[in-house]
Amino acid sequence: MNARRQFLSAAAVGTAALAASPLLAQAAGPGSVLPTRGQVSARTLATNAAGQAGRYRPHTRLGLGGVAIGNGFAATTDAISEATLAAAYAAGVRCFDTSPWYGLGLSERRYGHHLHNHPAREYTLSTKVGRLLTATTGALQKTMWQEPSPFHYRYDYSADGTRRSVEDSLNRLGVSQLDVVFIHDLSPDNEKDLGMPWEQRFAEATKGAMPALTRMREEGLIKAWGFGVNRPEPALRAIAEADPDIFLLACQYSLLDHDQALHDTFPKIAAHGASVVVGAPLLAGYLAGRERYLYDGTVPAWAPDKRAKVQAICDRHGVDLRTAALQFADAPAVVSAVIPGARTPEQVLANVASMSVAIPAAFWAELKQQQLIAADAPVPTA
């Protein structure tokens, strides 16, 4: 079985490398040496040492987000999802994030179908709590998911609901353990779906989910917990009221939009000794050339002009925009991982290739000189 799995993984990454060659060339930029199929499959991605105060950090700094594999934006097949996960693993990705919310359980099932074949000690797996799923034969609630699983969802940030959510996730995934659990979407931007002011749900989590996850960490059932949110307020309040280890901050730190996170959110999280996983580092595709900005489908009025100016500097220096965006998001010391999503093996391998490209210092200097990124923003060294 192991030999067969290794063969299938190698075949998946080899086929993807061939199909992805235009993307890999784009990631590498003019004049760069492209990796061969063997180099892609054997690539060693940057890893993390233990965090401050011994807090858990993911295995690799490049991860895979689970929205697309949960049929976010468009439907995909089980076969393509399996090939995507196999290509990621074969290329060295060891940080995988999913959620019951993504496809109403679909993303977790697809992740587990692949990851249960690998030793749990080799990778970081994170999922989320806050919504409980119930099977239904009736009409589904309206969501962003295409062809989701037949479940209704309801919010529950209580201690009992958190325990049940973790157990349900383990059953859907079919794995032996979870490493990180994030309290999901308890955030001001989600108040309409929460059905009440987010502070009321936060109060429920303060008495329920947060102490429950702390106990799970103390019991050794999980290694770390935190919040997975699109706004900073819940994360910063959690630091004041509990002892979280890690935060998945989506939609908050990117090449185009990062001032608040850089100057307020990140320093406070670092002072607590926690780390940040950057979600949506490509702004849900906008920094990879798509006309889609994050999750509500609306491109901000300021974004096209700023992206065009950054793209012009990319062109002058022979740097791919997606490569610059991923490396920029990975640069702050408080960041322990970036987790772009991917729907296909080709996208995974292009992201992996982007993390090994040497971007010249002059590129970052020009972005700062043109005030397109903050003057004090950390940037990678070539």
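# Exercises on a predicted chain

α15 is followed by Gln371, a residue with a positive phi near 60 degrees; helices (H or I, at least four residues) and strands (E, at least two) are DSSP runs, numbered from the N terminus. The model is predicted, so that local features need pLDDT of at least 70 and side-chain atom pairs count only at pLDDT 80 or more, while totals for chains, interfaces and linings use all residues. Residues are numbered from 1 along each chain as its sequence is written, and side-chain values use heavy atoms, with hydrogens and water left out.

## Exercise 1: the chain as a whole

Determine how many helices and strands the chain has, and what percentage of its residues count as buried.

Solution. Begin with the secondary structure, which comes to 15 helices and ten strands. Next take burial, where buried means under 20% relative accessible area, exposed over 50%, and partly exposed in between (1.4 Å probe, protein chains only); of the 382 residues of the chain, 57% count as buried. Finally turn to contacts, meaning heavy atoms within 4.5 Å: among those in the chain with a separation of 6 or more, 75% are accounted for by residues 24 or more positions apart.

## Exercise 2: the two sides of α15

Work out which residues of helix α15 are buried, and which exposed residues its opposite face carries.

Solution. First list the buried residues of α15 (residues 361-369), which are Phe363, Trp364, Glu366 and Leu367. They lie on the same side of α15, because they cover an arc of only 160 degrees around the axis, the arc being that of the directions from the helix axis to the C-beta atoms. The general rule behind such a pattern is that an α-helix has 3.6 residues a turn, so residues three or four places apart point the same way. Then look at the face turned away from the buried side of α15, where the exposed residues Ala361 and Gln369 are carried. Last, ask what the buried residues of α15 pack against: their partners are α12 and α13 (321-330).

## Exercise 3: two helix pairs

Describe how α4 packs with α5 and how α8 packs with α9.

Solution. Helix α4 (residues 78-90) and helix α5 (residues 106-115) have axes 9 Å apart and pack at an angle of about 50 degrees. Here axes are lines fitted to C-alpha atoms, for helices over the stretch in contact, and angles run from 0 to 180 degrees between N-to-C directions. Angles under 35 degrees count as roughly parallel, over 145 as roughly antiparallel, 65 to 115 as roughly perpendicular and the rest as oblique, and α4 and α5 are therefore oblique to each other. In this contact, Asp78, Ser81, Glu82, Leu85, Ala86 and Tyr89 of α4 meet Arg110, Tyr111, His113, His114 and Leu115 of α5. By class these residues divide into five nonpolar, three polar and three charged, where Ala, Val, Leu, Ile, Met, Phe, Trp, Tyr, Cys and Pro count as nonpolar, Asp, Glu, Lys and Arg as charged, and the others, Gly among them, as polar.

For the second pair, helix α8 (residues 198-207) and helix α9 (residues 209-219) pack at an angle of about 30 degrees, with axes 3 Å apart. Phe202, Glu204, Ala205, Thr206 and Lys207 in α8 meet Ala209, Met210 and Pro211 in α9, a contact with five nonpolar, one polar and two charged residues. Both α8 and α9 are also among the elements against which the buried residues of α10 pack, together with β7 (224-229), β8 (246-250) and α11 (259-272).

## Exercise 4: the surroundings of Thr127

Find which residues Thr127 touches, not counting residues up to four places away in sequence.

Solution. Locate Thr127 in strand β3 (residues 124-129), and note that at 1% relative accessibility Thr127 counts as buried. With those sequence neighbours left out, Thr127 touches Thr98, Ser99, Pro100, Glu108, Ser169, Leu178, Val180, Val181 and Phe182.
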